[in-house]
Amino acid sequence: MFTLAEVASLSDIQPTYRILKPWWDVFMDYLAVVMLMVAIFAGTMQLTKDQVVCLPVLQSTVNSKVQPDTSGKADFTTVEPTAGQGEEVSMRTVPFESAPTVTPGLFLSGATSSQYQSTESGQELKKEQKDSSGRKTNLDFQQYVFINQMCYHLALPWYSKYFPYLVLIHTIILIVSSNFWFKYPKTCSKIEHFVSILGKCFESPWTTKALSETACEDSEENKQRLTGAQSLPKYVSTSSDEGSPSASTPMITKSGFKFSADKPMIEIPSVTILDKKDGEQAKALFEKVRKFRAHVEDSDLIYKLYVGQTVIKTVKFIFILCYTANFVNTISFEHICNPKVEHLIGYTQFECTHNMAYMLKKLLISYISLICVYGFICLYTLFWLVRIPLKEYSFEKVREESSFSDIPDVKNDFAFLLHMVDQYDQLYSKRFGVFLSEVSENKLRGISLNHEWTYEKLRQHVSRNAQDKQELHLFMLSGVPDAVFDLTDLDVLKLELIPEAKITAKISQMTNLQELHLYHCPAKVEQTAFSFLRDHLRCLHVKFTDVAEIPAWVYLLKTLRELYLIGNLNSENNKMIGLESLRELRHLKILHVKSNLTKIPPNITDVAPHLTKLVIHNDGTKLVVLNSLKKMTNVAELELQNCELERIPHAIFSLSNLQELDLKSNSIRTIEEIISFQHLKRLTCLKLWHNKIVSIPSSITHIKNLESLYLSNNKLETLPAAVFSLQKLRCLDVSFNSIAVIPVEIGLLQNLQHFHITGNKVDVLPKQLFKCVKLRTLSLGQNCITSIPDKISQLLQLTYLELKGNCLDRLPVTLGQCQLLRKSGLVVEDHLFDALPSEVKEVLNQDTSIPFANGI
């Protein structure tokens, strides 16, 4: 027989699962253990002491009950029921002196014989009564054993024989039903994961010390403690603070401080920030909670399984109660047995007694009482399952009591597990809710970030940019470290791929900050910080994926001078470039848009009167509508790059203040419209590079004020004489075309300082080129030039000379007479330079403080 401990192990669950056992499940588990004890106790008693004792019913005894008393006194045995314990029946012998004795098997011939026999029988009976009590049955011991076993199975009700085993089976079924949801693989894995995460969340330093202590750091009360304790009273009571958390951060417990009257002292938290290990563990918990929620919220299997097992237990209770109540009265002490073995025993009827009847009846009543209590609890569980929407869980109370107002409501199995935890202790779900809050996660990231990125580490990342400004570039951090705002001498701050960037009021310390870069970084700005940026920020770069990522405060920076927008501005969203838009940027002078525009957004025209420079860099999308350009009367610089333009837009000719026009990387084939540039009196720079231009019209002579002309990377084969009539031309770039001859008219450009003809088919340099004595940059590389005239010595201001990629066999010795030319500005093959006389090389190797420039 198995022991109670072995059976009770069926109801054992891991101690960690106790948080998912509400009071009714715990109570039902204990009831199941008690029922197990009843079953095992009854089974043990039945195996050791259960037996039936049977005696035959004598025929004489039966007859004596029905025959009248017709003779004198006689003694015989009769069976009478006597009141015993409960409803038990006992046998007793009653003497009757007047009744004659009737013995079975004797034949009486007459009255005399009858009288004689009666007298003789009476004498024998008296003699037997003196020897022993009762009547002999002429059965031996083996016959009694046989009949007892027969009658145990025939006369005894089945419930009396199998009651302990039925109770054991029913109890095991109830135990299995109660704990099936902990064992079933589909639910066990989720429950185990949930309990593990819940325990870690409850014990995490982030939910115990760090959360409250970091709140105290920012409070005025804590500042007062840190600055000086002598001004504080000797005793301060904090009981009211502990009982009533503040409205802003109810979840953050205030760290109390106490003072002794004898020795004033301050209790300062020993740990004000999380160490690195605790911070990493807390961040891992946030990730685990997020993944667990996504995994569990999509199904309600745990809920259905719990409801199913509760229904099964309720149905089981009703079934047990219905059939068990009918068998209470069948358990009795006395039973009549008719085994039909008269040919072996000689008797047809036996009266039997069951020695365990009383005990079994009491145990059955106890079992029915236990099962009734169990059933009522099952009914209550069903009522609880129906009354509350267990597939939805709201952290409303937690949101009200804490500063984490963004804790989301959950559903399905996740909600059900939290409802079950609430039955154990609501503090678990409250602390668990902290790890569902993005605000809480951001605070944790901020603490870890500040711990890692100290002032000293940030100072090491500060560098000087091309404009000789101090610049700090932060890339892929969880936030903006507080120490950044202590770099008061910083000029440029770049924030890239920082999803939770927050600019605090401490930025007002950065008085030198004038340029801010936000690359995929929708930064949030406090009111005080915004006021500072509005008054001090001059240049802002915003890079985004969708226009909605542009922070709204960008459009309110009234003193902003330069705005760079880089991102997707398709036809549906480009109207949002400003929301109420750029018209508030009244001091905006430079607007740079790198996107995929099909037309110039109307909101850009809102700031048109103030703009002096407009740059539109497309990704190859054709810019069709350009009429709004006419409103930009003050624009001095206009760039329309990679916009798939096939001709010069006519709207440009209305820009009377235009000084520089850049149409780089388009599909312009002809520039016949260039004659209209004569109306643009201030145009000094024209960039038509990286197009498909095959010829330059003679009407270019009408742009009399032109100083820079860029026609590189086109399909030009000749340079018309009209180009050299532009007397103010200082820079001419015709690199990477198919030009074979440099016209002699180039000598007319007396103001030419930068001439670039790299990557063409030139083989001879005209002597007139060296009449341009103001040349500082001369790019002749990748041509077919075989020699350089000695007259190059006339270019006294030459600082940059490119000759690499030609067919030269030597360099002119007169290069040494170019006073400003140095080796660093001479681009030529090494063997040609080495072939120069040593004195020339020595001159070219001299250091000079005058910087060279290539003019591009």
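**Exercise 1. A salt bridge within a helix**

Task: Find out how the side chains of E287 and K291 meet, and where the two residues lie.

Solution: Start with the side chains. E287 and K291 meet in a salt bridge, with 4.0 Å from N to O. Keep in mind that this is a predicted model. Next, look at the location: both residues lie in helix α11, which covers residues 276-296. They are 4 residues apart, about one turn of the helix. Now check the accessibility. E287 has a relative accessibility of 34%, so it counts as partly exposed. K291 reaches 56%, so it counts as exposed, since the cut-off for exposed is over 50%. Finally, look for shared partners: salt bridges join E287, R290 and K291 into one network.

**Exercise 2. Salt bridges between loops and helices**

Task: Say which parts of the chain are linked by the pair R459 and D489.

Solution: First, the contact itself: the side chains of R459 and D489 form a salt bridge at 3.2 Å, N to O. The pair links distant parts of the chain, 30 residues apart. R459 sits in helix α19 (residues 455-460), while D489 is in the loop between β7 (470-475) and β8 (492-496). Then compare each value with the limits: R459, at 29% relative accessibility, is partly exposed, and D489, at 25%, is partly exposed too.

Solution: K622 is partly exposed, with a relative accessible area of 42%. To finish, widen the view: a search of the whole structure finds 18 salt bridges.

**Exercise 3. Two packed helices**

Task: Describe how α12 and α14 pack.

Solution: Two numbers are needed here, because two packed helices are described by the angle between their axes and the distance between the axes. For α12 (residues 301-325) and α14, the angle is about 150° and the axes are 9 Å apart. The contact involves, among others, Y303, V307 and F317 of α12 and L364, I368 and L382 of α14. As for handedness, α12 passes α14 in a left-handed crossing.

**Exercise 4. A nonpolar surface patch**

Task: Which residues make the nonpolar surface patch of about 490 Å²?

Solution: The patch is made by W23, F27, V373, Y380 and F383. Sort them by helix next: α2 (23-49) and α14 (357-387) each supply at least two residues. The largest share, 3 residues, comes from α14. Take Y380 as an example. It is found in helix α14, and its relative accessible area of 32% makes it partly exposed.

Note on methods. Residues are numbered from 1 along each chain as its sequence is written. This is a predicted model: local features need pLDDT of at least 70, side-chain atom pairs count only at pLDDT 80 or more; totals for chains, interfaces and linings use all residues. Side-chain values use heavy atoms; hydrogens and water are left out. Patches are made of residues with over 30% relative accessible area and no salt bridge: like charges are joined within 9 Å, nonpolar side chains (Val, Leu, Ile, Met, Phe, Trp, Tyr) within 5 Å. Accessible areas come from the Shrake-Rupley method with a 1.4 Å probe; for residues, only the protein chains shown count as cover. Buried means under 20% relative accessible area, exposed over 50%, partly exposed in between (1.4 Å probe, protein chains only). Axes are lines fitted to C-alpha atoms, for helices over the stretch in contact, and angles run from 0 to 180 degrees between N-to-C directions. A crossing is left-handed if the near helix is turned anticlockwise from the far one by less than a right angle, and right-handed if clockwise. Contact means heavy atoms within 4.5 Å.
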